[in-house]
Amino acid sequence: MFERFTKDARAVVTGAVEHAERGGGRSVDAEHLVLALLDREGSRASFALASLGGGEWLESVRRALGEARRRGGLSQAEADALAGLGIDVAEIVARVEEAHGVGVLAGDPKDRGWWSGRRSFSRGAKDVLERALRIAVARKDRHIGDEHILLALTSRPGVPAEVLADHGVTYEAVTRVLYGGGEAKAG
């Protein structure tokens with residue numbers, strides 16, 4: 001599948017690995033793919049993000065992804081649902097971090113060694129890349145571009161899609177920008 005990736009899509013995958021390494025992650029997660037997409041310039045996905053106001057909210061997306069990771073991967077909607085039941089997730093996170101250290105719920109211990117020199121991809125990240133392939137095939141595209149990765153991230157449930165949707169980046173909005181139906185269209 002990787003041979004069908006464009007240069008931009010390969011750069012997103014490589015960037016996701018770098019984000020995982022910088023963050024001390026044991027694996028590359030879907031969130032790392034989002035962060036790598038946010039770093040890109042001059043690609044179809046970066047055009048779509050910019051068209052949807054990306055310059056104004058990129059840091060907000062980065063913060064929201066970091067907060068979700070700190071909550072152990074709970075989305076804001078899940079934290080809100082628990083709050084409705086009287087469970088204060090922020091208080092639980094604060095107490096756990098007080099006892100065991102900041103970031104302990106992120107699930108990526110930084111002091112453990114690796115059995116190999118390469119980061120593995122989590123099930124969620126693999127699902128995103130497989131979905132990107134399916135989206136490209138469904139659109140009859142001969143390649144998998146970073147725009148397909150962005151569409152895949154917005155089309156599956158989870159923290160990345162929720163955070164992007166909170167900033168106006170939905171599957172429908174990205175499709176409209178990339179393939180028509182709106183004022184702007186990626187070339």
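Predicted model: local features only at pLDDT ≥ 70, side-chain atom pairs only at ≥ 80, totals over all residues.
**View 1. R40 and D8 pair up across the sequence.** R40 makes a salt bridge with D8, and the closest N and O atoms sit 2.4 Å apart. D8 belongs to helix α1 (residues 7-22), while R40 is in the loop between α2 (30-39) and α3 (44-51), so this pair ties together parts that are 32 residues apart in sequence. How accessible is R40? Its relative accessible area comes to 21%, so R40 counts as partly exposed. Buried would call for under 20%.

View 2. E59 is partly exposed, with 47% relative accessible area. R62 is partly exposed too, at 23%.

View 3. The closest N and O atoms of D127 and R156 are 3.9 Å apart, and the pair forms a salt bridge. For this definition, the nitrogen has to be within 4 Å of the carboxyl oxygen. Where do the two partners come from? D127 is in helix α7 (residues 123-138) and R156 is in the loop between α8 (146-155) and α9 (159-166), so the contact ties together parts that are 29 residues apart in sequence. Now look at who else is involved: salt bridges with shared partners join R123, D127, E130 and R156 into one network. Is R156 buried or exposed? R156 counts as buried, with a relative accessibility of 16%. D127, on the other hand, is partly exposed at 25%.

**View 4. L85, I87 and I92 make a nonpolar patch on the surface.** Together, these three residues have about 280 Å² of accessible area. I87 has a relative accessible area of 33%, so I87 is partly exposed. A patch residue needs over 30% relative accessible area and no salt bridge.

Methods. Residues numbered from 1 in each chain as written. Heavy atoms only, no water. Patch = residues over 30% accessible without salt bridge, like charges linked within 9 Å, V, L, I, M, F, W, Y side chains within 5 Å. Areas by Shrake-Rupley, 256 points an atom, 1.4 Å probe, with all protein chains shown as cover. Salt bridge = Lys/Arg side-chain N within 4 Å of Asp/Glu carboxyl O. Buried < 20%, exposed > 50% of the residue type's maximum accessible area, 1.4 Å probe, protein only. Helix = DSSP H or I, 4+ residues; strand = E, 2+ residues; numbered from the N terminus.
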